Amino acid sequence: MKGAGHIILLGAPGVGKGTQAKVISADLGLPHVSTGDMLRASVTTGSEMGKRAKAVMESGALVNDEIILGIVSERLREDDARNGVVFDGFPRTVVQAEGLDRLLSDIAGVSIGHILHIVLEDEEIVDRLSGRRVCRDCGAIYHMRFQPPKVDGCCDRCGGELFQRDDDQPAVIRHRLAVYMAETAPLVSFYRGRSGYAEVDGNGTSAAVTDRIRGFLG
Ligand code: AMP
């Protein structure tokens, strides 16, 4: 199957990219490629890259484009990425988007099939991020108010411990939104004219947003 091609999820931190990426990835049988998850994993293992990325991530700033393009390039060359991947949190700068175009022409696999821009107001974003909890073991995402786990602090799916990301603290959230406006929002004009670009209303339950996305994916 040639499939949908690569899928890019655009949108500010907290609009639901991670939650939706997991669902789309299961729907289409494409790997979920979250640069944030990959960086957090390297921080946990204490690799050289993880040591360098840790402080940058805690401050809410962006990790260097070259490092990001390096990890994405490696990931795209793996076998399971042949029919496309669901990107989550990548690209985040125009330099990364240009780098991705170059990578895709080098690798000669599938191209970008869909660019889904999830749109949500700032106030709602801060609410969602400050209530977010993540399972330390399986990465499942919860919200203290909108999608609480059945047992406090405990993952419904695997029983793992739920934690709050260091960068989901209010001061860091504000900084991440400012970084998004300065560095990532310009990607909207970069991609808007391309085929497969669509704006998705990010309001409502995650199931409602998934339905809208499925409508675009066909
Ligand atoms: P996320 O899980 O996507 O919210 O990413 C968490 C943090 O990892 C971000 O605030 C950045 O510091 C870093 N990060 C993740 N993806 C990228 C990227 N594509 N470019 C630069 N930094 C990134």
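User: Let's jump in at arginine 132: buried or exposed?
Analyst: Arginine 132 is buried, with a relative accessible area of 14%. Here buried means under 20% relative accessible area, exposed over 50%, and partly exposed in between, with a 1.4 Å probe and protein chains only.

User: What kind of model are we looking at?
Analyst: It's a predicted model, where local features need pLDDT of at least 70 and side-chain atom pairs count only at pLDDT 80 or more, while totals for chains, interfaces and linings use all residues. Residues are numbered from 1 along each chain as its sequence is written, and side-chain values use heavy atoms, with hydrogens and water left out.

User: OK, back to arginine 132. Which strand is it in?
Analyst: Arginine 132 sits in strand S5, residues 132-135. Strands (E, at least two residues) and helices (H or I, at least four) are DSSP runs, numbered from the N terminus.

User: Which side chain makes a polar contact with arginine 132?
Analyst: That's aspartate 168, with 2.9 Å between the two side chains in the polar contact. A polar contact is a pair of N or O atoms within 3.5 Å; within protein, one must be able to donate a hydrogen and the other to accept it, and residues adjacent in sequence count only if both atoms are side-chain atoms.

User: And what else does arginine 132 touch?
Analyst: Leaving aside neighbours within four places in sequence, its contacts include Tyr142, His143, Phe163 and Arg176. Contact means heavy atoms within 4.5 Å.

User: Switching to threonine 93. Where is it?
Analyst: Threonine 93 is in the loop between strand S3 (86-88) and helix H5 (94-107). It's buried, at a relative accessible area of 7%.

User: What does the threonine 93 side chain pair with?
Analyst: Its side chain has a polar contact of 2.9 Å with the side chain of aspartate 65. A polar atom of the threonine 93 side chain also lies 3.0 Å from the backbone nitrogen of glutamine 96. Not counting residues up to four places away in sequence, threonine 93 touches Leu62, Asp65, Glu183 and Leu187.

User: How about histidine 6, buried or exposed?
Analyst: Buried, with a relative accessible area of 3%. Histidine 6 is in strand S1, residues 6-10. A polar atom of its side chain lies 3.0 Å from the backbone nitrogen of valine 85. Beyond four places in sequence, histidine 6 touches a list of residues, among them Leu76, Phe87, Leu104 and Ile112.

User: How far is histidine 6 from proline 31?
Analyst: They're 9.8 Å apart, C-alpha to C-alpha, and 25 residues apart in sequence.

User: And alanine 171, buried or exposed?
Analyst: Alanine 171 counts as exposed, at 54% relative accessibility. It's in helix H7, residues 170-184.

User: What share of the residues is buried?
Analyst: Buried residues make up 46% of the 218. Among contacts between residues at least 6 apart in sequence, 69% join residues at least 24 apart.
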